[in-house]
Amino acid sequence: MVVKEEEMVLVTPGEVLGKATEVKAGKGAYVAKHNGLVYASLTGLLRTLSPPPDSPDQRATVEVTGHKAHGPVPEPGSVVIARVTKVMTRMASADIMCVGAKSVREKFSGIIRQQDVRATEIDKVDMHLSFRPGDIVRASVVSFML
Amino acid sequence: MEFVSPEGLRLDGRRPTEMRQLRAEIGNVAKADGSAVFEMGNTKVIAAVYGPREVQNKSQQMSDQALVRCEYSMANFSTGDRMRKPKGDRRSTEISLVIRQTMEACILTHLMPRSQIDIFVQVLQADGGTRSACINAATLALQDAGIPMRDIVTSCSAGYLNSTPLLDLNYVEDSAGGPDVTVDKVIYVDFALNGRVKASVLWDLWLYFGSYGLKET
């Protein structure tokens with residue numbers, strides 16, 4: 001994708017960036033359903049990205065980059081690095097410190113269940129032999145907790 | 001008591017359609033994700049926004065959108081007489097609810113499921129129009145925190161005294177007993193009716209002055 005940086009324009013939420021038929025809403029922009037216009041949702045610099053030449057949708061993407069970078073959020077499937085806080089018979093609590101290669105701004109709490117520790121003989125796992133409070137583990141997120 | 005002189009000047013020398021001086025600063029509270037100080041004349045409020053972050057009370061967590069919480073309080077020294085109970089009283093609870101509903105309608109909450117956004121607003125100096133100043137400060141603080149919103153929310157109050165519609169009431173005009181209204185960019189409207197006023201007058205007042213004041217803000 002080629003970035004057009006001829007003019008850096010500052011936009012605020014609610015400013016019209018274009019029509020939904022002409023531009024695609026990227027990060028920091030949204031489409032209003034009632035009139036089909038693309039508005040900005042963040043305060044920041046506007047960037048227009050040209051679409052790749054082989055894609056079927058030839059609309060340019062508009063996105064707004066704010067001045068504050070948000071920390072990453074863990075999702076099912078992401079690889080995280082966590083520190084174990086509590087160890088119980090059937091599970092261990094851990095605080096997620098990094099998602100991928102980026103560290104989070106505020107910690108997320110998660111649990112490691114007995115059956116998710118290893119692939120074989122999952123009911124014979126002894127949590128106290130596997131983890132101790134303070135251990136750093138690399139884990140893959142299975143799902144969100146309800 | 002005369003609130004509008006025969007020449008058309010109010011007690012502080014303003015014209016009926018004139019707003020007080022506006023000042024704003026952002027980024028004052030370094031620890032918060034976003035913060036802003038907003039002044040409308042002598043009314044000064046500070047807003048701090050934390051979020052989106054993990055929900056502290058898991059029972060309130062919503063799987064499809066963010067939880068927005070708001071707390072409005074007045075500093076003990078904000079009014080002429082030292083306040084006994086800065087928060088928890090009915091007025092603070094009501095204004096907290098008003099601000100929360102306004103901001104919740106504006107924030108794109110579906111983009112941040114399972115998270116919480118906290119808005120704290122405190123009045124440092126109260127001279128009428130604290131509700132409006134709080135909403136304006138909260139908007140700026142949310143933008144400073146980089147939270148996606150549909151639009152900027154602006155707010156202004158208007159009233160009716162001495163048969164004249166007035167814009168941006170200060171404390172003396174607010175407590176005079178006439179009807180007054182706070183208009184927030186058509187997203188949420190709050191009425192305070194004291195005394196008997198014809199409904200048609202109030203609607204005209206609302207439409208004309210509310211939008212006039214919002215353009216200025």
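**Entry 1**

My cut-offs: buried is under 20% relative accessible area, exposed is over 50%, and partly exposed is in between, with a 1.4 Å probe and protein chains only. Which side chain does A:Asp116 meet in a salt bridge? That is A:Arg113, at 2.8 Å from N to O. A salt bridge here is a side-chain nitrogen of Lys or Arg within 4 Å of a carboxyl oxygen of Asp or Glu. A:Arg113 is partly exposed too, at 36%.

Notes on the rules: the model is predicted, so local features need pLDDT of at least 70 and side-chain atom pairs count only at pLDDT 80 or more, while totals for chains, interfaces and linings use all residues. Residues are numbered from 1 along each chain as its sequence is written, chains are lettered from A and ligands numbered from 1 in the order in which they are written, and side-chain values use heavy atoms, with hydrogens and water left out.

I checked the total, and the structure holds 18 salt bridges over all chains. One of them joins A:Glu63 to A:Arg47, with the closest N and O atoms 2.9 Å apart. A:Glu63 sits in strand β7 (residues 60-65) of chain A and A:Arg47 in strand β6 (residues 44-49) of chain A, so this pair ties together parts that are 16 residues apart in sequence. Helices (H or I, at least four residues) and strands (E, at least two) are DSSP runs, numbered from the N terminus. A:Glu63 is buried at 12%, whereas A:Arg47 is partly exposed at 24%.

How many residues apart are they? The answer is 159: B:Arg14 is in the segment before β1 (22-26) of chain B, and B:Glu173 is in helix α3 of chain B. Both B:Arg14 and B:Glu173 are buried. They also belong to a network of salt bridges, along with B:Arg10, B:Asp12, B:Arg20, B:Asp127 and B:Asp168.

**Entry 1: around helix α3**

I stayed with helix α3 (residues 171-174) of chain B, where B:Val172 has its place. B:Val172 is partly exposed at 39%. With B:Met1, B:Leu11 and B:Tyr171, B:Val172 forms a nonpolar surface patch of about 450 Å² of accessible area together. Patch residues have over 30% relative accessible area and no salt bridge; like charges are joined within 9 Å, and nonpolar side chains (Val, Leu, Ile, Met, Phe, Trp, Tyr) within 5 Å.

**Entry 2: B:Ser115**

I looked at strand β5 (residues 115-125) of chain B, which includes B:Ser115. Is B:Ser115 buried or exposed? I noted 9% relative accessibility, so B:Ser115 counts as buried. A polar atom of the B:Ser115 side chain lies 2.7 Å from the backbone oxygen of B:Met112.

**Entry 3: cysteines**

B:Cys70 is buried at 14%, and B:Cys134 is buried at 0%.

**Entry 4: domains of chain A**

I ended with chain A, which is divided into domain 1 (8-64) and domain 2 (76-139). The bounds come from an automatic or database domain assignment. Their centres, taken over C-alpha atoms, are 40 Å apart.

Note on methods: Areas by Shrake-Rupley, 256 points an atom, 1.4 Å probe, with all protein chains shown as cover. Polar contact = N/O pair within 3.5 Å; in protein donor to acceptor, adjacent residues only side chain to side chain.
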